[in-house]
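My entries follow in the order I looked things up.

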Amino acid sequence: MKILLSLLFLILILQSHTKANDYEYLLPVDIRFVLSSNFGELRKNHFHAGLDFKTFGKTGYALRSIESGFVARIKISSDGYGKVVYINHPTRHTSVYAHLEKFSPKIEQFIRQKQLALKQNEPELYLMPGFFEIEKGEIIGFSGNSGRSDGPHLHFEIRNTQTEHPLNALQFYPQILDNIAPTASQLIIYEFSEEASNNAPQQKSFVPLYLTKNGTYQPKTDVVIVNKHFSIAVAALDRMANSPNVFGIYRLKLFVDKKLHSEIAFDSVSFLNSRGINAFLDYEMFVNHHQKFYSFYQSPNNDLFVYQYQQNRGLISIADDNLHLVEIFLEDFSGNKTVLEFKFRAIKKTFSTGDFFSFQRPLRYHSGDFYAELPSYSLFFDEQIVFEKLSQSYSAWSETFSIGKRTIPLKMPVLMRFLLKNMPQEWQKKAFVQLLQPDGKKTAIFGNIYDNFLEAQSAEFGVFYVEIDNEAPELSYVGKIEGLNDIEFRFRAKDRKTYIKEYAAYLDDEWKIAYLDKKNGIISVKLNKNDLLSAQSLKMVVFDRLNNIAGETVKIY
C-alpha cells in the first residue's frame, strides 16, 4: 500500500510539472496570426485574460478547437464576451472563444433549439461531459464582433479547468514570435511615512526617463533624492514586429543594490480578485490621464497572483545616507529585456499625514435621511475618506452626497441607503442611485427597496443621489435586409436613463429569436421567407432595467 501511495504521489508531482510545450495545441485561427492584445494587459477592474487575434477588420473567419474535448458552456450576451464557446479538454485546460459572429452549424442548431424552448435571446448553457464532443481542429464558430468589442477580432483564452484561472496562452504557442524589447518612459516615486506604513503614499513625484547610448533607460538627473521609505512604479509597454498595437509587459524585476527586491510576472490571473489591479497600477493616473504604470508596491490588502516575490511589499527602506542603486528589468514573453537604472540617496522627510481611515475597520456615516458604510477591508490601504452632504442638489428625491475621491480604488463596494420619504409609493420601484463623476459621466446603480429605503452599492467613489426612471425606452424600426432565403428586420432601441435589459420579437403571436448589438443599439430579427408567407406583422418589445416598456409593430407585406 505504501508503495502504491508513493507511486500515486510521484505521478501527481510529474503531472503538476508538465511543461507548456508538452501540449501540442493548434492555433484557433486559420488566417495569418497577428495579435492586437496580449495576456495581462492593464484594464480598468481587470487584467486582460487572454490573447486577441486580429481578423483585419473582417468577420466570419473559421475558428477551430485547439484540442479534442467537449463543449462545456455556451453563452449569448449583448454585453461582455458576446457569443462565446467554452471547451473542456483532457489536458485539464479549458479553451475560450469569444465575440463570435455565429457558432458552427451543429452548435448553432443546438443553441437555437434551446432559445426557442426557453424563449430566451441570451441564454447561458452548461453542458455535461460527453454530451457535445468536439474533435481537435473542428470548426466551433466564426470570428465576429459581438458583445463588448471595439472591433472584429477573436478573444481567446486558455484556463485551468478546475480553478477557472486564465493562463498566459503564449506559453503554449512558441510560434508567436516577438523580437522587440519593451520600452519605458517614466517612473513614479511613491514616498511613505515610516509611522504609517499601511497608508496610501503621502507624496509622489515623476521622473522622466531617456534611452542612453548603451541601451539602458536612466533619469536625466545623476542622483534621485527620495524619502527613507519609498516605492516605484514604471510606465512601460511592449511591441511586436508584425503588429502596430501596444502590448503589456510579461515580467518586471526590481533590484536594490544588486539584490532582488520585487518580481512581478503574468503567468495567470484570477477573476475573484481582479479588482486588485486598481491598486496594482497607479489608479489616479489611469482614471484621470489613461496612463498605465506598473507599481512594485503591494498594498496591504491586495492579494493578486502576479506578485512572484516581494520584500517588504515592494517598499524600499534605507537607513543610511549613502548612494544606492536601483535596477529594473522589463521582459516580454519571448525573453527580450530592457534595463532601467538609477542611483538614489535617501533623506528623511516629514509628512502631514492627517486622519487616515484604517482599511481593516468599517467606516459608517449618517446624515439625516442618508446612511453609508464601508465594510472592513473595502480599501486596499489606509486612506483619507471624506463624506460630505453637498449644498447643491441634483435631485428632487434626495439630498446629494459626496463619498471619497474618484481616484481612490475600492476593493469592495460602499453601501448606501436613502430614505424615500417624499417619493410616492408607486414610483419607488422606478428609483435608482445615480453616480455622478467629475467629468459629468453618469452611471445608474440599482438596488432594493426596504421599508421606504433604497439600498444600493457602488464599486466607485463619487457623488450620489436618487433618481427615477419612469420613461419608456426609445424604439424605432430601421429597415430590413433581404437575403436569399431570409429577411433580417432591424430595430433601434435606446434608453435615456438606464439601459435595455430585455427584448422580445413576435411574428404575429409567435416568439422569435432576436439579438441586440449594444454598440449601436440595433436589434436584429432574421426570419425565413417561408415563415413570412402567411404572417401579418412583426412586433418588437423592449424593457429597460426598471421595466419601462416600449413596442413597435411592422407590417410584413
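**Entry: Arginine 313**

I began with arginine 313, in the loop between strand E24 (307–310) and strand E25 (316–317). I note that I am reading a predicted model. Arginine 313 is not a glycine, yet I found a positive phi of about 55°. Most residues other than glycine have a negative phi, so I marked the spot.

**Entry: Aspartate 451**

I then turned to aspartate 451. This residue has a positive phi too, of about 50°, although it is not a glycine. I located aspartate 451 in the loop between strand E35 (448–450) and strand E36 (453–458). Its relative accessible area is 71%, so I put aspartate 451 down as exposed.

**Entry: Histidine 261**

Next I picked a residue within a strand. Histidine 261 is found in strand E22, which covers residues 259–265. I read a relative accessibility of 7%, so histidine 261 counts as buried. What does the side chain of histidine 261 reach at 2.7 Å? I traced it to the backbone oxygen of leucine 315. I also listed contacts, leaving out residues up to four places away in sequence. Histidine 261 touches Leu254, Phe255 and Val256, then Tyr309, Gln310 and Gln311, and finally Gly314, Leu315 and Ile316.

**Entry: Aspartate 469**

I went on to aspartate 469. It is found in the loop between strand E37 (462–468) and strand E38 (474–482). With 1% relative accessibility, aspartate 469 counts as buried. Which side chain makes a polar contact of 3.2 Å with that of aspartate 469? I found threonine 498 there.

I noted 31 lining residues. Which of them lie nearest the centre? I wrote down Lys83, Glu101, Glu488, Ser524 and Lys526. Several elements give two or more residues to this lining: strand E9 (100–103), helix H2 (105–118), strand E39 (486–494), strand E42 (515–517) and strand E43 (522–528). E43 supplies the largest share, six residues.

**Entry: the nonpolar cores**

I ended with the cores. The largest nonpolar core has 103 residues. Which have the most contacts inside it? I noted Ile232, Val234, Phe266, Phe280 and Met540. Strand E19 (residues 229–240) gives the most to this core, with five residues. Apart from this core I found another, of 29 residues, including Met423, Leu435, Phe461 and Ile468.

I took a further look at phenylalanine 266. Not counting residues up to four places away in sequence, phenylalanine 266 touches Phe39, Gly40, Phe47, Asn168, Ile249, Tyr250, Leu252, Phe280, Tyr294 and Val306. Phe280, one of these contacts, is itself on the list of residues with the most contacts inside the largest core.

Definitions and conventions:
Residues are numbered from 1 along each chain as its sequence is written. This is a predicted model: local features need pLDDT of at least 70, side-chain atom pairs count only at pLDDT 80 or more; totals for chains, interfaces and linings use all residues. Side-chain values use heavy atoms; hydrogens and water are left out. A nonpolar core is a set of buried Ala, Val, Leu, Ile, Met, Phe, Trp, Tyr and Cys residues joined through side-chain atoms within 4.5 Å. Buried means under 20% relative accessible area, exposed over 50%, partly exposed in between (1.4 Å probe, protein chains only). Helices (H or I, at least four residues) and strands (E, at least two) are DSSP runs, numbered from the N terminus. Contact means heavy atoms within 4.5 Å. On a 1 Å grid over the protein atoms alone, a cavity is a set of points where a 1.4 Å probe fits but cannot get out, and a pocket is an open set with protein on both sides within 12 Å along at least five of seven lines; lining residues have an atom within 4 Å of a point. A polar contact is a pair of N or O atoms within 3.5 Å; within protein, one must be able to donate a hydrogen and the other to accept it, and residues adjacent in sequence count only if both atoms are side-chain atoms.
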